[in-house]
Amino acid sequence: MAGRSPITLVAVDAVEVKIIVDGFVDVLMADAPGVERYRASDWGDRDQLLAEHGFAALVTVTVDGDRRSILYDGGLTPTVLGRNLDVLGVRAADLRAIVISHGHTDHQGGLEGLARRLGRRRLPLIIHPGAWRERKIVFPTGAQLRLPPPSRADLESEGLTVIEEQGPTVRVDGAVLVSGQVERSTSFERGFPIHYARAEGGWEPDPMIWDDQNVVINVRGKGLVVVSGCSHAGAVNVLRNAQRLTGEERIAGFVGGLHLTGGLFEPIIGETVAALAEMHVGVVMPAHCTGWQAVHALARTMPDAFVQPSVGTSVRF
């Protein structure tokens, strides 16, 4: 990427990131400046928000009073994504595009049946070409976790227009950058060593998960807001890549998974948190696969920046 000119993003007046699917829900948490929590109006209503091991977020930008939204990721199951979209009042007319962070099931499995809610609008769905690979995790015990990939035919049957992009692209009238494949530069973010992908000759190591991508928005006067599904590229790499692509050094916010859970990744929590603190990230909302130890470390180290995620929570910049 050396010598590449920065990508010019339309500076937005505001951006709001609302958590649609995540592994935690608490409707009793208090609002805070820039943070709005979901409030249930009737607990007798059986249609309440659900949590699951998946991720999805509604990203809404405001430019000259005009609000435009994308759905970033689709959670694990249609039951949870569909329920939460309905409870949170997300309308088909609100969406301009869908972006898939990577091919793992817990980020796209919920898109099945989406046409019933959104209609067959031929919404663009941006996905990295590497996301179609069948994957699995092989644990040291020998146990395996299968990770079915998305199906192009199924996505197209939902009325979506599938757009494969390996590199960065700008969407939503120049206001939203889809990062494409993230450049890896740190010494400590080395991928997922027990992750495999199916190839012509059988299963092969796939530690880098190259299809990992995120979305980046430039908020006027504040800097970048980055939303990341799992940060398989490494959270620090994700932020540095956003800075390289745009030429903007300020990071106003980071929302999403940092993938620091479990014995393989807990050893790099200290370096990751120290790097985020050194980058003066304004707001950190560590969702999904971040892990409790990393969440606690971020809350201790960056108390003024830390926001506890919960399904239905919106953070506004």
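Student: Which residue lies over the face of Trp210?

Tutor: A charge counts as sitting over a ring if the Arg CZ is within 6 Å of the ring centre and within 35 degrees of the ring normal. In this predicted model, Arg184 lies over the face of Trp210, at 4.4 Å from the ring centre.

Student: How many aromatic pairs are there?

Tutor: Ring centres must lie within 6.5 Å, and planes over 60 degrees apart count as edge-to-face. The count comes to 2 pairs. Phe55 and Tyr72 have ring centres 6.4 Å apart and planes at 75 degrees, so the pair is edge-to-face. Phe55 is in the loop between strands E2 and E3, and Tyr72 is in strand E4, 17 residues apart. Phe192 and Phe265 are also edge-to-face, with 5.3 Å centre to centre and 70 degrees between the planes. This pair links distant parts of the chain, 73 residues apart.

Student: Are Phe192 and Phe265 buried or exposed?

Tutor: Buried means under 20% relative accessible area. Phe192 has 8%, so Phe192 is buried, and Phe265, at 10%, is buried too.

Student: What is the strand order in the open sheet of 6 strands?

Tutor: Strands of a sheet pair through backbone hydrogen bonds, either parallel or antiparallel. Here the order is E10-E11-E14-E15-E16-E17, with mixed pairing. Strands E10 and E17 are the edges, each pairing on one side only. Within this sheet, E14 and E15 pair in the antiparallel sense over 6 bridges, and Ile217 has Val225 in E15 as its bridge partner.

Student: Which strands run parallel to E6?

Tutor: Strand E5 is joined to E6 by 2 bridges, and E9 is joined to E6 by 4 bridges. Leu125 is the bridge partner of Ile98, and Val162 in E9 is the bridge partner of Leu125.

Note on methods: Residues numbered from 1 in each chain as written. Predicted model: local features only at pLDDT ≥ 70, side-chain atom pairs only at ≥ 80, totals over all residues. Heavy atoms only, no water. Pairing = 2+ DSSP bridges. Phe/Tyr/Trp six-rings, centres within 6.5 Å; stacked < 30°, edge-to-face > 60°. Buried < 20%, exposed > 50% of the residue type's maximum accessible area, 1.4 Å probe, protein only.
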